[in-house]
Protein chains: 2
Amino acid sequence: MKQELIKKIPHKTIERLSQYRRALLLCYDKGQTYIFSHEIANIQHITAVQVRRDLMLIGYSGNLRRGYNIKDLIDLISEIIDNPDGQKVAVFGMGNLGRALSKYFKDRREKLSIVAGFDVNPDKVGKSYYGVPCFHIDDAKEIIAREGIKIGIITVPGAYAVETAKLLVEYGIKGILNYTPTPVEVPEGIFLEEYDMVTSLEKVAFYVKEAK
Amino acid sequence: MKQELIKKIPHKTIERLSQYRRALLLCYDKGQTYIFSHEIANIQHITAVQVRRDLMLIGYSGNLRRGYNIKDLIDLISEIIDNPDGQKVAVFGMGNLGRALSKYFKDRREKLSIVAGFDVNPDKVGKSYYGVPCFHIDDAKEIIAREGIKIGIITVPGAYAVETAKLLVEYGIKGILNYTPTPVEVPEGIFLEEYDMVTSLEKVAFYVKEAK
DNA sequence: TTTGCACTGTTAAAGTAATAACAAACTATG
DNA sequence: CATAGTTTGTTATTACTTTAACAGTGCAAA
């Protein structure tokens, strides 16, 4: 897969590739070897055209009669979205949400793993949650450097989101996933993704109201 | 606010309105009475033009010299996105994520509140988490009907997502927020919003890798 | 062998969203 | 009272995303 090609893949396609891979892994585990675009589409909430278009963008060609080779496609998607050397992640804020994420990602992805949690609560520091050791935030700098952690998930209370993000950038984190409702600022070159559960719920509430 | 106008508001604008209101509430609590479009924009990650365009869509006019009246704008946004009679929400799956949401929404919105949690674990049933009572899923039908719950958040393990969604629809839920990585199907007329943490993290990992 | 079917791969069109451009309005100030 | 500065409200443009249309291909079956 050429570098220039990868640069042109739209954000939305990257997201769908992640979802395709998940669906494909399930099928692969069941022993299925080939799959049609409309089968992938049925698993996710999209159309077969969308699937074919996405696969076209990554330069994968299927078999006209049998569809796509599941194993090959999984490998190609992995080649695109995974870092061959692996990617280490840390969670900042080991509250309910931080622990939910720790549990969730436990042994899910070979190339992507949460290796540390941070908190300020002395009751949590020193403990381990679902295999993720919890450290004091004061030790973050050292541990991030030592482990080579490049990605940080922010799950601290909203009031501390901004300062946490600032620290992470200072400590060398290159990608931030902010789950607090407070938007944070990052300098150029740091990838930021924010998701706000309050907004999502209010959106659902709005459309439920409107549907009446 | 006219009904036809509301119908034409784009999804993205609805999401931003929720975020504007949050920012406005903070300013209002600080005693600020007027705010400029670029001030709102600075709080969120958007441009002043975007803010003005969104407010145009909902038909709100600001003061040319002082900007927007914070109180009035909060009221107007609330009139649009809130249900005047309130909206009750239930969480299905009181694991870490379910409890995180329960805690998070505790007393946050007057018109939108989580009133019940459901689980199958007998250790959880009968307990209360952050003010949200946990019931057995077998009692969901009755409680949903009795309380008039219209929105369900799915935080069960992915393997149970599909059947849970099916149950909710059967029990009269009109809007679903699915936080499992497993896509679910809902019939026409039921609003569905899905968010997948795995995809988000993989997306961050991809762009961190590419930035190197 | 040829006809029909069921796919894929690609280009074209439509729909949606964000950005830019700019006129109009108000106020403060000299 | 005129002028400069600042901000709003709206239209126009551009960019992005999805959906539609359709040609091309291989297989199966008559």
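Across all chains of this predicted model, there are 17 aromatic pairs, a pair being two rings of Phe, Tyr or Trp (its six-membered ring) with centres within 6.5 Å; planes under 30 degrees apart count as stacked, over 60 as edge-to-face and the rest as tilted. One of them brings together Tyr207(A) and Phe191(B), which are stacked with 4.9 Å centre to centre and 15° between the planes. This pair joins two chains, because Tyr207(A) belongs to helix α9 (residues 197-211) of chain A and Phe191(B) to strand β9 (residues 191-194) of chain B; helices (H or I, at least four residues) and strands (E, at least two) are DSSP runs, numbered from the N terminus. Tyr207(A) is buried at a relative accessible area of 14%, and Phe191(B) is buried at 15% (buried means under 20%, exposed over 50%, partly exposed in between, with a 1.4 Å probe and protein chains only).

Within chain B, Phe92(B) and Phe118(B) are also stacked, as their ring centres are 5.0 Å apart and their planes at 15°. Phe92(B) is in strand β3 (residues 87-92) and Phe118(B) in strand β4 (residues 112-119), so the pair ties together parts 26 residues apart in sequence. Both of these Phe residues are buried.

Ring pairs also connect Tyr179(A), Tyr195(A), Tyr179(B) and Tyr195(B) into a cluster.

Charges meet rings here too. The charged end of Arg108(A) sits over the ring of Tyr104(A), 4.0 Å from its centre, and Arg108(B) lies over the face of Tyr104(B) at 4.1 Å from the ring centre; the criterion is NZ of Lys or CZ of Arg within 6 Å of the ring centre and within 35 degrees of the ring normal.

Residues are numbered from 1 along each chain as its sequence is written, with chains lettered from A and ligands numbered from 1 in the order in which they are written. Local features need pLDDT of at least 70 and side-chain atom pairs count only at pLDDT 80 or more, while totals for chains, interfaces and linings use all residues; side-chain values use heavy atoms, leaving out hydrogens and water.
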